[in-house]
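Trainee: Before we go through this model together, could you show me how to read its features one at a time, starting from the general idea and then turning to the case at hand?

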Amino acid sequence: MTTALVLSELIKADTYVSGSRLAKKAGVSRNAVWKAIERMRKDGYEIEAVPRRGYRIVSAPDSLRDYEVAAHLGTDELGSGLYCLDSIDSTNLFAKRIAREGAPHGTLVVANEQTAGRGRLGRTWESQPGTGLYFSLVLRPDLPPGDAPQLTTVAAVSVASVLRDDYSVDARLKWPNDILVNGRKLCGILVEMSCELDRIHHIIVGIGINVHAFVRDPGTDVSAIAVNLDELIGAHVQRVRLLASVLASTERYYRTWLNCGFAPILAEAKALSCTLGRSVSVSTPSGMVEGIARDLDLSGALVIEDSKGVYRKIYAGDVVA
Ligand code: BT5
């Protein structure tokens, strides 16, 4: 992966780096460095070459090639296996297929486009080419299957903290799996599991974030509720940078979850929740439940107080109003 090493050195330096220094750092010949630079130029990088100073990146394309993702990642375990796809039905489906064939913990699948992006309960996730970040992780935690639903919250807090800290966006969590900004949906999370009664085989964590504006109208339902990151910050976000930040954050929160349990993550989720304290209607598999959203419990369930003052725990559903 010479190109990834060369790119990574140029990104780190953020200024001119000589060909010989790049060759030394990457442990390759100067000719190999030159070939890597030519490849990047062909892929849309504007790279300046100044005699006696070296190479410098002037501008980068918004693409998600494997060497670009590898060059940006700063994680230890997440992304250790990497599939960067131009177009796929769904990164969750792809991740499931490779997980069944033994893909190791931490494998990352990212796609430029999904032709059948999936939401929960058979719903779809609008995934037009080049507009969003669509990725899935294969995780193999050594935990009881009952703990798996907590991963939706782990992922939500990981993404929301990047949106808040790095992009100054007021990201809020809508139970159970949405990230909203000013009531509009910026990100959706789909966690799926394969397990036995007492053992997790693998968990697929799928994350979709709207980064740029849709290239074609997705239809009234989605247009009315969706928002993208470019629009929120008034600038063009590079997806590979966002991906790297989200993965670093996810790795940190995932480790906290394994080492310290769910409580610290739940506390952050409660602080970021836009569901708690509100009067809500929740559509559940056993019908509609109405009341005040009082709490999130340690299993990730939403606790509702109904009009008679009775508390009910909702494990699955959608807050519809
Ligand atoms: C979700 O489902 O929000 C989970 C979305 C997960 C998408 C990622 S992308 C990478 C990975 N691979 C996949 O195939 N999926 C995951 P749910 O809570 O069921 O919400 C779905 C609803 O959100 C739809 O019925 C629409 O109303 C709305 N929606 C669809 N596409 C959207 C978009 N791009 N932005 C905002 N809202 C959208």
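This is a predicted model: local features need pLDDT of at least 70, side-chain atom pairs count only at pLDDT 80 or more; totals for chains, interfaces and linings use all residues.

Trainee: How many aromatic pairs does the structure hold?

Mentor: The structure holds two of them. To classify a pair, one looks at the angle between the ring planes, and over 60 degrees counts as edge-to-face. The planes of Tyr83 and Phe94 stand at 65°, with the ring centres 5.3 Å apart, so this pair is edge-to-face. The pair links distant parts of the chain, since Tyr83 belongs to strand β3 (residues 82-88) and Phe94, eleven residues apart from it, to helix α5 (residues 91-100).

Trainee: Are Tyr83 and Phe94 buried or exposed?

Mentor: Buried means under 20% relative accessible area. Phe94, at 15%, counts as buried, whereas Tyr83 is partly exposed with a relative accessible area of 33%.

Trainee: What kind of pair do Tyr254 and Trp257 form?

Mentor: Tyr254 and Trp257 form a tilted pair, with 5.8 Å from centre to centre and 50° between the planes. Both residues sit in helix α9 (residues 239-260), and because they are three residues apart there, about one helical turn separates them. Tyr254 is buried at a relative accessible area of 3%, and Trp257 is buried at 5%.

Trainee: Which residues of helix α2 are buried, and where do they lie around the axis?

Mentor: In helix α2 (residues 19-26), the buried residues are Gly19, Leu22, Ala23 and Ala26. They cover an arc of only 100° around the axis, and therefore lie on the same side of α2. The elements that cover these buried residues include α1 (2-13), α3 (30-42) and β2. After α2 comes Gly27, whose phi is positive, near 70°.

Trainee: How should I think about a nonpolar core?

Mentor: In soluble globular proteins, nonpolar side chains tend to be buried together. Here the largest nonpolar core has 62 residues, and those that touch the most other members are Leu133, Phe135, Ile207, Ile209, Leu242, Leu243 and Leu302. Helix α6 (residues 150-167) gives the most to this core, namely ten residues. Apart from it lies another core, of 17 residues, including Val6, Ala23, Met40 and Tyr67.

Trainee: With neighbours within four places in sequence left aside, which residues is Leu133 in contact with?

Mentor: On that basis Leu133 is in contact with Leu64, Val110, Ile207, Gly208, Ile209, Val211, Arg239, Leu242 and Leu243.

Trainee: Where is Ser63 placed, and what does its side chain make a polar contact with?

Mentor: Ser63 has its place in the loop between β2 (54-59) and α4 (66-72), and it is buried, with a relative accessible area of 13%. Its side chain makes a polar contact of 2.9 Å with the side chain of Glu68. Once neighbours within four places in sequence are left aside, Ser63 is in contact with Glu68, Arg239 and Val240.

Trainee: Is Glu192 buried or exposed, and which side chain does a polar contact join to that of Glu192?

Mentor: Glu192, which lies in strand β8 (residues 184-195), is buried at a relative accessible area of 14%. A polar contact of 2.9 Å joins its side chain to that of Arg118. Not counting residues up to four places away in sequence, Glu192 touches Asn92, Lys96, Arg118, His202, Ile203 and Ile204.

Methods
Residues are numbered from 1 along each chain as its sequence is written. Side-chain values use heavy atoms; hydrogens and water are left out. Rings of Phe, Tyr and Trp (its six-membered ring) pair if their centres lie within 6.5 Å; planes under 30 degrees apart count as stacked, over 60 as edge-to-face and the rest as tilted. Helices (H or I, at least four residues) and strands (E, at least two) are DSSP runs, numbered from the N terminus. Buried means under 20% relative accessible area, exposed over 50%, partly exposed in between (1.4 Å probe, protein chains only). Contact means heavy atoms within 4.5 Å. A polar contact is a pair of N or O atoms within 3.5 Å; within protein, one must be able to donate a hydrogen and the other to accept it, and residues adjacent in sequence count only if both atoms are side-chain atoms. The arc is that of the directions from the helix axis to the C-beta atoms. A nonpolar core is a set of buried Ala, Val, Leu, Ile, Met, Phe, Trp, Tyr and Cys residues joined through side-chain atoms within 4.5 Å.
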